[in-house]
Amino acid sequence: MTRDDLPAPRPRLVLVGNGMAGMRTLEELLKIAPERYDITVFGAEPHPNYNRIMLSPVLAGEQTIEQIVLHPLDWYARHGITLHLDRKVERIDRVRRVVVADDGSEAPYERLLIATGSTPFMPPIPGRALDGVLAWRNIADTQAMIEAARTRHHAVVIGGGVLGLEAANGLSQRGMSVSVVHLAAWPMDRQLDAAAGALLQAELERRGLRFELGAQTEALLGDEQGRVRAVRFQDGREIPADLVVMAAGIRPNTALAEAAGLRCERGIVVHDTLQSVTDPRIYAVGECAAHRGIAYGLVAPVFEQGRVCATHLAESGIGRYVGSQVSTQLKVSGIALYSAGNFTGGDDHEEIVLKDPAAGVYRKLVLHRDKLVGACLYGDTSEGAWYLQLIREGRDVRGIRHALMFGAAALAS
Ligand SMILES: Cc1cc2nc3c(=O)[nH]c(=O)nc-3n(C[C@H](O)[C@H](O)[C@H](O)COP(=O)(O)OP(=O)(O)OC[C@H]3O[C@@H](n4cnc5c(N)ncnc54)[C@H](O)[C@@H]3O)c2cc1C
């Protein structure tokens, strides 16, 4: 056998971030070009890739960690992928084209995919370093919360958005007495209008949650052992807390990219091909990427990015990622809500509203120049996907306006 008979070495692809966006991209890539790259994955967590959004049912005791694993270890082995778990990449050397991990090991690349996700934002509240104060992002945080619920009694969740409410529900299911502290006048104010927010609040209160709305946290107070014992508000009131969960937003993990000189503005700035604008060998997908000024914090858009990115990595890419129209749901059993687009309206906007408080049903559609631009549904969300499709398509709805409120089925009748 001569040297010419040896197969040419494959280009090396390194993925930094063994999470939902990066791994979805690899999955799509393997579908269309399984032999193209020699692939190495670095993951800072000690687990194979799992379905992060299902940490909510795990916290609520409805699922186990084993059930939410997306790619078990043998999946990586079957696809010939070198996997480094519990290994954080600390540096990208763009001149030598290698990444350097926290144990000093290096991996060279021809293509690099950064999918480092986000970190929870910890508001600069005095006392946030106390024992018993945590944020919720991964399996370790979930296990810490489950453990705390065994021995502690009063949980306070700071932030009444989707993540905060799912944390509150899970801790309540685990037997804790839970208060949700939220600056706005109703929970999920970024996804729901006041009427839907009030229905949600009433239902969660019926289930035992308490709300501190319009409340500004001034400090977290500790005991002599350095453990959190109470939350103090700006008006001087205090409520007991031996577990505090911060759910006050996320920040894209861009430190690694920034240190490597990649342009970052709220995220790693990428083209429609998901290539970083600074270095065409480097791609970024997921919550760490900023596309047309937006860093998404939901799984549907980051999966759309993954699909497009995979085609470009496969060098068969004609697709462009042009941004996503997002929708929101809440993963609390027995509560159905859905919101998409501009549900607050504004000048020149029309609203069509159906309200049946006794039945717990609320439906608001927002139209602008004969197009559906937003929907906010509570109680019955069966038409959510249809409304999202109409919003995405920007379709003229004049001809179906009479049936709009009653859903796609009403069109046929
Ligand atoms: C509890 C919870 C519930 C959620 N529910 C929903 C929901 O219902 N619907 C929805 O759309 N979204 C939901 N989300 C958000 C969703 O999980 C994220 O949008 C999605 O995970 C983003 O994918 P990502 O790959 O960008 O980030 P991640 O999934 O966070 O993956 C990033 C990975 O990179 C690793 N990493 C970071 N830096 C390095 C480094 N330097 N070296 C090596 N590895 C590194 C991280 O440890 C992490 O494992 C939820 C999130 C949480 C926490």
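I'll start at the ligand: an N or O atom in the side chain of R137 lies 2.7 Å from an oxygen atom of the ligand, a polar contact, meaning a pair of N or O atoms within 3.5 Å. This is a predicted model, where local features need pLDDT of at least 70, side-chain atom pairs count only at pLDDT 80 or more, and totals for chains, interfaces and linings use all residues. Residues are numbered from 1 along each chain as its sequence is written, and side-chain values use heavy atoms, without hydrogens or water.

The backbone takes part as well. A backbone N or O atom of A21 is 2.8 Å from a ligand oxygen atom, and a polar backbone atom of A44 is 3.0 Å from a ligand nitrogen atom. Around the ligand there are 28 residues, counted when a heavy atom lies within 4 Å of it. Of these, E45, R137, E287, V299 and K331 come nearest.

Now the helices. A21 belongs to α1 and V299 to α8, and both residues are part of the contact between these helices, where contact means heavy atoms within 4.5 Å. Helix α1 covers residues 20-32 and helix α8 residues 299-313; helices here are DSSP runs of H or I with at least four residues, numbered from the N terminus.

How do they pack? The angle is about 40°, and the axes are 8 Å apart, each axis being a line fitted to C-alpha atoms over the stretch in contact, with angles from 0 to 180 degrees between N-to-C directions. The two helices are therefore oblique to each other.

Note on methods
Parallel < 35°, antiparallel > 145°, perpendicular 65-115°, else oblique. Polar contact = N/O pair within 3.5 Å; in protein donor to acceptor, adjacent residues only side chain to side chain.
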